[in-house]
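Here's a walk through one model, strand by strand and helix by helix. Keep the viewer open and follow along.

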Amino acid sequence: MLFRMNVPESAGATPAMAQWFAVKAANPDALVFFRMGDFYELFFGDAETASAVLDIQLTKRGEHAGKPIQMCGVPAHSAQHYLSRLIRRGFRVALIEQLENPKERARGSKAPIRREMVRLITPGTVTEEALLDAACPNLLLSLALAGGVLGAAWLDVSTGSFETEALAPQAAAELLGRLDPAEILAPADLPLGDWEAKRAPAPAAPPPPLASRRQLAALFAVADLEAFGSFSDAEAMAAAGAIEYVRTTQAGVLPRLARPAPAGPAGRLALDAATRASLEIASARDGGTEHTLLAVVRQTLTGPGARLLAGWLAAPLTDPAGIAARQDIWSWLFDQQAVLAEVRSLLRGLPDLPRALGRLSLRRGSPRDLAGIGAAIAAGQAIATVLDGTLPAALQQAKAALTELPDLLDLLQSALVADPPARLDDGGVIAAGFDPELDAERRLRDDSRRLIAQLQMDLAQKHGVASLRIRHHAQLGYLIEVPATAAEKLRQHPDLVLRQGMAGGARFTSAELSELDERIAAAAARAAAREQGIFAHLLDAVLGKAEKLAALAEGLALIDVAQSCARLAEGGRWCRPLVGPGTEFCVLGGRHPVVEAALAGTASFVPNDCDLSPERRVLLLTGPNMAGKSTYIRQNALIVVLAQAGLPVPAAQARIGVVDRLFSRVGAADDLARGRSTFMVEMTETAAILHQAGPRSLVVVDEIGRGTATLDGLAIAWAVLEALHTQLRSRTIFATHFHELAGLRHELPCLAAHTMRVKEWKGEVIFLHEVEAGAAGRSWGVHVAHLAGLPAAVVRRAASLLAQLERRRAGTAAEPDLPLFANLPPPEAEEDPLLAALDGIDPDRLSPREALEALYTLKSLLPVQKRKEALPSREC
């Protein structure tokens, strides 16, 4: 979010406010969280914005230039809660900390407390657990142009992943749809479309190509960046720009980053932004994630596993061998049910190892992050023991990474307490017996506290005040507290010094108490310092094994995804698809996974077959509104995504030739912000399909041409259908209400006409949601209007008008000029004898024998079926 607030001139500011003005001048697009004691305070326009967004009180603090300073604040101990709300709204926050303890400053010092910006928190650089979604990566994307090539580099500061890609500038939207980055660094003249709100404000231009390569090589301690693969100049510039931005936001400190990995487009199913939105793979059209493909298939138990699964669905493969390797992993677990149950038990509740490692690498980790590292190593070793026998190659490789760190596990288990506190400053992190020196300092500290209790008892007896207490105060140390009734008595005692009067009593100190206070403080400080030193040693030990820990994390994530897939296949209603190099497409008993999940417990989903074999590669689907056409075409597209991601698919059987590009044009929406009508959006998306689809593509489209006049729409739909069939030769499911297009099956040899089954019963229409060969005769739009609740009078009027229009169209002389209409049967000139006989039957007065005779009569009046459509085989 680009945010900039007018700030007054800094002239005449107090020393502390001068610090604030300096930080704000360097970060005009960020809200400044300025540490003042136990609070983070915001001033001027920052305060007005934050108070509105966070719903906290706006007040005033002092004056500047003769005017009150607007101010709001949040407690430091609960700052993460407020930061998470701001970051999710797209704000950037400059975090300013006090770098010295006010109690340790020289007496009489008038200089302001030293403060510095320790972080610039942005949507793409957060690392705190409370600010992140465990199931989603948090990507910072950097884009750079060089020589007509768009370089992209994306990294996740929280986990250390780092990848690059070179692509054509016009392919940026597809990349953005696949990655869905949290923040984007891009040249000002590069449009970002729907992702414009995620643009970072005015990032520094990346270094030129040669300098970028040198910087990256130096960072990763190699002589040449090509040691990690082949990078274009644009990729190197984008990667260097991302690194410099992270360094700036982290105040000069870089997290642990994996070596940059160039990821070319080859080997990945291409899905443009419109297709992703249409299929709702990871995000629904309303922006939610509940009713999405990812939500339905995700049965992972860890954050890294959930993120890996999301990555598989975002970028399905096109290499049959790679797809089969993924299938082999979960198939092995599926066949080993006892092992599967044990693996699930060991994975459940496992900490997020990659993100814990990321925080520790920034020296921002907690004792619980260290404990989480130990727990992950222990779980990895236990899972490796369970995975026994002949394993698939990828699973064997993952297993090998699980057993690499026994020494580090021993160190962490012996050093840390079983349940460490959230903060190192709270103490009690290191287990007793691990370090003799720490144990000695703790005994001295704890003995001193025992002395405090003894001194309190002695003073209470000495002065005859049973309610006398010795308490510790953050600013004043240990003090004697007595109620008001005893305060005057103690004022007269020469050994006691009054330190503070209170409404209900008084506080005193003495030479003996002050000396004991100093001893306790010194012992506690030495114990804390020793504990912090040991923690730093453990941290260095962990970071020294960072690469092996990263491999362990990848292995655990892969096993988590594999068990999720095996779990999905357990019910027997999801199958392992056969994915090969050909162009076949045969699905038996396919289902829409999201719709089926939504219907669970209320209705059964009706499965349907789909055969797009080469000789019938274009399926023309007609049928009424509400009959399930859109569901059917989407379910087959989703089956392709699942199959090529390496997952089970919701079908009885599936055999799919690899799809190189998947296009889904389903549903209609306008784009008023860019001046595009619904029909213009539809035509733009259709144009993208016709320019990019090919013989290995799968195209699913719904209602092309419906957004304009009937004849215009029919002509466009006809032409597009011909292009997909004859020129592009793509596997296609083409849903339409232009039933006349079914006549093209006589002219297009690879087109098979299908329709959604409908049954009329006592004046009502029943949608069976079944796909069968043939063509629909009508759309039942008036019936759907009735179901939607239109007033009865309007529905009756619509039905009357429809009958008139149908009679008028049947008699028009213009129809023979349209070849499609010429294929329709001529209207009947006289009354249908079947309908006349049916009207003459009164079922309430028929005897059983008369009813049987009536059925024979009606059957004799049925017209002879002139042409039978071949039904698809029930074998793939």
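Phe-34 stands opposite Ile-96 in β5. That puts us at the pairing of strand β1 (residues 31-36) with β5, which is parallel and runs over four bridges; two strands pair here if DSSP finds at least two bridges between them. The strand and helix names are DSSP runs numbered from the N terminus, with helices being H or I of at least four residues and strands being E of at least two.

Before going further, a word on the ground rules: this is a predicted model, in which local features need pLDDT of at least 70 and side-chain atom pairs count only at pLDDT 80 or more, while totals for chains, interfaces and linings use all residues. Residues are numbered from 1 along each chain as its sequence is written, and side-chain values use heavy atoms, with hydrogens and water left out.

Back to β5. It also pairs with strand β6 (residues 115-121), this time in the antiparallel sense and over six bridges. In that pairing, Leu-95 stands opposite Arg-119 of β6. How many of the six residues of β5 (residues 93-98) are buried? Six of the six are, so the strand is largely enclosed by the rest of the structure. Buried means under 20% relative accessible area, exposed means over 50%, and partly exposed is in between (1.4 Å probe, protein chains only). In a regular strand the side chains alternate between the two faces of the sheet. For β5 both faces are covered, with Val-93, Leu-95 and Glu-97 buried on one side and Ala-94, Ile-96 and Gln-98 buried on the other.

Next up is an open sheet of five strands, ordered β10-β7-β8-β9-β11 and with mixed pairing. Its edge strands are β10 (183-185) and β11 (261-262), each of which pairs on one side only. Strand β9 (residues 162-167) runs parallel to β11, joined to it by two bridges, and the bridge partner of Glu-163 in β11 is Ala-261. Helix α6 (residues 233-249) packs on this sheet and touches β7, β8, β9, β10 and β11, where contact means heavy atoms within 4.5 Å. The direction of α6 makes about 140° with that of β7; such angles run from 0 to 180 degrees between N-to-C directions, and the axes are lines fitted to C-alpha atoms, for helices over the stretch in contact. Helix α4 (residues 172-179) lies across β7 (140-146), β8 (149-155), β9 and β10, running at about 10° to β8.

In the loop between α4 and β10 you'll find Asp-180. Asp-180 has a positive phi of about 45° although it is not a glycine, and at 47% relative accessibility it counts as partly exposed. Arg-729 is another non-glycine with a positive phi, about 55° in this case. Arg-729 lies in the loop between α23 (710-728) and β24 (731-735) and, with 45% relative accessibility, counts as partly exposed.

Now for a pair of helices. The axes of α12 (residues 353-361) and α13 (residues 367-386) come within 9 Å and cross at roughly 140°. The two helices are therefore oblique to each other: angles under 35 degrees count as roughly parallel, over 145 as roughly antiparallel, 65 to 115 as roughly perpendicular and the rest as oblique. On the α12 side the contact is made by Leu-353, Ala-356, Leu-357, Arg-359 and Leu-360, and on the α13 side by Asp-369, Leu-370, Ile-373 and Ala-376.

Asp-352 is found in the loop between α11 (337-347) and α12. Is Asp-352 buried or exposed? It is buried, with a relative accessible area of 12%. Leaving aside neighbours within four places in sequence, Asp-352 is in contact with Ala-134, Gly-303, Pro-304 and Arg-307.

One more sheet to go. Four strands form an open, antiparallel sheet in the order β13-β14-β16-β15. Here the edge strands are β13 (469-473) and β15 (496-502), each pairing on one side only. Neighbouring strands of this sheet are turned by 40° against each other on average, direction ignored. Five bridges hold the antiparallel pairing of β13 with strand β14 (residues 477-483), and Arg-471 stands opposite Leu-479 in β14. Helix α17 (residues 484-491) lies across β14, β15 and β16 (505-510), at about 115° to β14. Helix α18 (residues 511-543) lies across β13, β14 and β16, running at about 75° to β16.
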